[in-house]
Amino acid sequence: MRSEPEVPAPLRHFVARRVVVTGLGAITPLGVGVPDLWRGLLEGRCGIRELTGEEFTGLPVRVAGTVPVDPAGLLPRPQARRMNRSAQFGVLAAREAWLDAGFDGSGTEASGLSPERVGVSVGAILGDASVLVGGDRRLREKGPRAVSPLTTPMTVPSQAASQISLALRITGEARTVTSACASGTEAIGQAIDRIRYSHVDVALAGGAEAVVTPAIMASFAAMRALSTRPAGDLPSRPFARDRDGFVNGEGAGFLLLESEEHARARGARVYCEAAGWGLSADAHHMAAPDPSGTGVALALHRALRDAGGQPADVVHVNAHATATLDGDLAEANALRAVLGTTPAPVTALKGHLGHLQGAAGGVEAVATVLTLHHGTIPPTIGCTAGEQDEAIDLDVVRGAPRPLPDHGDLALSNSFGFGGHNAVLALRRVRFTG
């Protein structure tokens, strides 16, 4: 006789927990640490540089947003030599966020945390392509014995997540999100949900990338996607009439996220609430954005709904705005469609930093948190007064920082990637200090 299938026990009823940001970390073309990033943004400094290495000789474009120090020199040598450049960025930025939140640098247990209740969520596209390229070169030039046994573990995009978990003794989870240039923002969104629904209580979330390599630069140049201006001429010009392409970049940015009750119980300082996020896909082209902005608008709508907000609540937008002709216009169309004919003040940071690829969403989320926390919107450099494309029709903050409007409480951070990946993070200003 066939038995009846077992009826599962009722699922535990979860009440979504509020998630807050209590720590920030960044390593970017503007310097090492969040203070360097924030000061550089407010001062309108540009971290885009000429690539002077011999390996870049002969490339049609030789400018990029590169970190101005060797990250290996900021880490213990035995640790650094087992990491690719992207993982080095990730560990440095994640550790800064960890310390900024008030935790012990030795890791979870020294901080009084259960390691299994802490997670890591990192966005990366390739991580560091140079390791595999270098291994292949040594194989061809010197044979198989010259290839390091570390080549494979140092090549995988998940290396940053695993190295952060190792450095801080985090055992809850170490996930990697790969969704082109939306990777960092999606990684933060996934971490929000992991905390909301009690899988973990604390998470380090953001992005890390190091793909300023000759082959990647040559590929982007062949696509005619890169700006051809020299470094001293503000080559990345988001929303400007004369924008001519993006600038490749590298770095890392991380948020330390916690459930609100966890943060309150330990008396943590709270920057803002990580209120919601939204995803969508263009299903339009392998590289070009949908010019209508429909997919971007869907992600914006979903982020607002997830945050329990309305368009009128939006006080600021940190735009993806890579300074490509079609991409900037598609984003502007979507913002007007969702937020109305007079959207909130918009800023775009790729004029300062270049496009940090999978790390862009993490670094731009850090800047958006700081904008809410300090009540100040950084300017968009490369798009000075009189140069904004009329078709953009947004209130782009230019020339100097601007006070954040008093009305409303939501800020949006946008990230969009090749293949039609769209991700939007919604952050809410809080009226209390933890």
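**A guided reading of the predicted model**

Gly 40 lies in helix H1, which covers residues 34-43; helices (H or I, at least four residues) and strands (E, at least two) are DSSP runs numbered from the N terminus. The structure is a predicted model, in which local features need pLDDT of at least 70, side-chain atom pairs count only at pLDDT 80 or more, and totals for chains, interfaces and linings use all residues. Residues are numbered from 1 along each chain as its sequence is written, and side-chain values use heavy atoms, with hydrogens and water left out.

Gly 40 is buried, with a relative accessible area of 0%; buried means under 20% relative accessible area, exposed over 50%, and partly exposed in between, for a 1.4 Å probe and protein chains only. Not counting residues up to four places away in sequence, Gly 40 touches Leu 30, Arg 45 and His 352, where contact means heavy atoms within 4.5 Å.

Strand E5, residues 118-123, is mostly covered, with six of its six residues buried. Val 118, Val 120 and Val 122 point one way from E5, while Gly 119, Ser 121 and Gly 123 point the other way. In a regular strand the side chains alternate between the two faces of the sheet. E5 runs parallel to strand E7 (residues 202-210), and six bridges join the two; strands pair if DSSP finds at least two bridges between them. Within this pairing, Val 122 stands opposite Gly 206. E5 also pairs in the parallel sense with strand E6 (residues 173-177), over five bridges, and there the bridge partner of Val 120 is Ala 174.

The largest nonpolar core has 41 residues, and those with the most contacts inside it include Leu 37, Ile 188 and Val 369. A nonpolar core is a set of buried Ala, Val, Leu, Ile, Met, Phe, Trp, Tyr and Cys residues joined through side-chain atoms within 4.5 Å. Among the elements that each supply at least two residues of this core are H1, E7 and H13, and H13 gives the most, with eight residues. Ile 188 touches Gly 206, Leu 255, Leu 257 and Ala 365, among others. A second, separate core of 32 residues includes Val 120.

Helix H13 (residues 360-374) reaches 21 Å from its first C-alpha to its last, close to the 21 Å expected at 1.5 Å a residue; the expected span is 1.5 Å times one less than the number of residues. Of the 15 residues in H13, 13 are buried. Gly 375 follows H13, with a positive phi near 70 degrees.
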